[in-house]
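Please consider the structure shown below.

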Amino acid sequence: MKVLVTGGAGYIASHTDLELLNAGYEVVVVDNLSNSCIEAVRRVEKLAGKKISFYEADILDKEALREIFKKEKADAVMHFAGLKAVGESCAIPLKYFKNNISGTVTLLEVMSEMNVKMLVFSSSATVYGNPSKVPVTEDFPLYAINPYGRTKLIIEDMLRDLYASDNSWNVALLRYFNPIGAHESGEIGEDPNGIPNNLVPYIAKVAAGVLKEIRVFGNDYDTPDGTGIRDYIHVVDLAIGHIKALEKLNENPGIVTYNLGTGIGYSVMEVIRSYEKACGKELPYVVTDRRPGDYAISYADPSKAYKEMGWKAVRGIDKMCEDSYRWQSKNPNGYKS
Ligand code: NAD
Ligand code: UFG
């Protein structure tokens, strides 16, 4: 079976490409390299000992997509391509609407023309907004708290409408919680441009001595140590979730929605402590004001994914930090190292 992976050179998709190749799938990557490097794809090929068909193309370019679909004759699509920086989405929402929403519409039009109707979509826990209680189940109310989140919600709604109009579509909406870590080889990992926005990539740069100190965004939340709690999930567990979703769609067609998280929440301070164990040194931090738009606590109830597709995350927080640190140490400047 051949899977076309949009955004396939990116962080989560590169780990998924590798799991797909290891599971015997053929992989086609379409990426405009706006937030990634071809080197990620090359390293996946090396780790798997198999080739990937790579196309540098934009999902907004309908003609290019048509040509790729005609040539490759993929059976399914995993759709990761998208912009993902929450702060940037507040500053330039139109760029997010065009890239993420129009890009997805273009992709779906071409898939429809080519009669490729199996899709696994990268959604996000952001569709739950600021959850009113935890753990979060898939039937919680959905709402957006920033333009990035709105793009995920609109795409989910579009896919539900599309399926309602034509139930020969076969769709998995995967709501990721907080993906971190790297493949245990240390060969592929997260390589953010500039100063990282997210907690663990920022800690990694402090551990490597590139940044001076971790900024803890508020210690006055209503949580045991006052810092924000999230459900961090190892990127390899997340990647394996995509293979399970594809198997589920093949065996039992329809539209499905799953939380992909561990079900365990860790505070910012707990993550720092775990990272200190991984790198064997104390990490300097300073407590600052809360980051606008942040909320106290979110973690998944991932039991539906286990019940319906036999998937659960098995890698714990210490392993996530160890693998993150290995990737950071082996590649101090990311793929440009
Ligand atoms: P990433 O930026 O590493 O990967 C996205 C990839 O898509 C990049 O390689 C980028 O070059 C490519 N891309 C972007 N726009 C494109 C376009 N118009 N045409 C072709 N390629 C394009 O990000 P990631 O963290 O791997 O995220 C992958 C997906 O998962 C995204 O859709 C993101 O919104 C979603 N997601 C991420 C997180 C997270 O915390 N990392 C959480 C929930 C959901
Ligand atoms: N935090 C810090 N210091 C930092 C960065 C973050 O203290 O330098 C704190 C935040 O306040 C929060 C926690 O660490 O309590 C996690 O923050 P991240 O920025 O790593 O992740 P978020 O939960 O804010 O958001 C991430 C993605 C979103 C996605 C969401 C749910 O960035 O796109 O997970 O999947 F929607």
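In this predicted model, the side chain of Arg175 makes a polar contact with the side chain of Glu156, at 2.7 Å. The two side chains also meet in a salt bridge, with 2.7 Å from N to O. Glu156 lies in helix α6 (residues 147-165) and Arg175 in strand β6 (residues 170-176), so the pair ties together parts that are 19 residues apart in sequence.

By the rule applied here, the count comes to 22 salt bridges. One of them joins Lys70 and Glu67, whose closest N and O atoms are 3.7 Å apart. Both residues belong to helix α3 (residues 62-72), and because they are three residues apart there, about one helical turn separates them.

Glu184 and Lys319 form another salt bridge, in which the closest N and O atoms are 2.7 Å apart. Glu184 is located in the loop between β7 (178-180) and α7 (199-207), whereas Lys319 is located in helix α11 (residues 317-330), so this pair ties together parts that are 135 residues apart in sequence. Lys319 counts as partly exposed, with 23% relative accessibility. Salt bridges may also share partners, and in this way Glu156, Asp157, Arg160 and Arg175 are joined into one network.

At 1% relative accessibility, His79 counts as buried. Which side chains make polar contacts with the side chain of His79? One is the side chain of Thr6, at 2.7 Å, and another is the side chain of Thr104, at 2.9 Å. When neighbours within four places in sequence are left aside, the residues in contact with His79 are Thr6, Ile59, Thr104, Leu107, Leu119, Val120, Phe121 and Ser122. Among these, Phe121 is 42 residues from His79 along the chain, yet the C-alpha atoms of the two are separated by 5.0 Å.

The account now turns to ligand 1. There are 27 residues around this ligand, and those that come nearest are Asp31, Asn35, Ser36, Lys84 and Tyr148. The side chain of Asp31 has an N or O atom 2.6 Å from an oxygen atom of ligand 1. An N or O atom in the side chain of Asp58 is 3.0 Å from a nitrogen atom of the ligand. From the backbone, an N or O atom of Gly10 lies 3.3 Å from an oxygen atom of ligand 1. How much of ligand 1 does the protein cover? On its own the ligand has 820 Å² of accessible area, of which the protein covers 95%.

Several elements contribute to this shell: α1 (11-22), β5 (118-124) and α6 each supply at least two residues. The largest share comes from β5, with three residues. By class, the shell around ligand 1 consists of twelve nonpolar, eleven polar and four charged residues.

Ligand 2 is surrounded by 20 residues, the closest being Phe177, Arg215, Arg230, Arg291 and Asp294. A polar backbone atom of Arg215 is 2.6 Å from a nitrogen atom of ligand 2. Oxygen atoms of the ligand lie 3.1 Å from a backbone N or O atom of Tyr176 and 2.9 Å from a backbone N or O atom of Leu199. Taken alone, ligand 2 exposes 690 Å², and the protein buries 90% of that. Strand β8 (residues 214-217) gives the most to the shell, with three residues. By class, the shell around ligand 2 has ten nonpolar, six polar and four charged residues.

Definitions and conventions:
Residues are numbered from 1 along each chain as its sequence is written. Chains are lettered from A and ligands numbered from 1 in the order in which they are written. This is a predicted model: local features need pLDDT of at least 70, side-chain atom pairs count only at pLDDT 80 or more; totals for chains, interfaces and linings use all residues. Side-chain values use heavy atoms; hydrogens and water are left out. A salt bridge is a side-chain nitrogen of Lys or Arg within 4 Å of a carboxyl oxygen of Asp or Glu. Helices (H or I, at least four residues) and strands (E, at least two) are DSSP runs, numbered from the N terminus. Buried means under 20% relative accessible area, exposed over 50%, partly exposed in between (1.4 Å probe, protein chains only). A residue is near a molecule or strand if one of its heavy atoms lies within 4 Å of it. A polar contact is a pair of N or O atoms within 3.5 Å; within protein, one must be able to donate a hydrogen and the other to accept it, and residues adjacent in sequence count only if both atoms are side-chain atoms. Accessible areas come from the Shrake-Rupley method with a 1.4 Å probe; for residues, only the protein chains shown count as cover. Ala, Val, Leu, Ile, Met, Phe, Trp, Tyr, Cys and Pro count as nonpolar, Asp, Glu, Lys and Arg as charged, and the others, Gly among them, as polar. Contact means heavy atoms within 4.5 Å.
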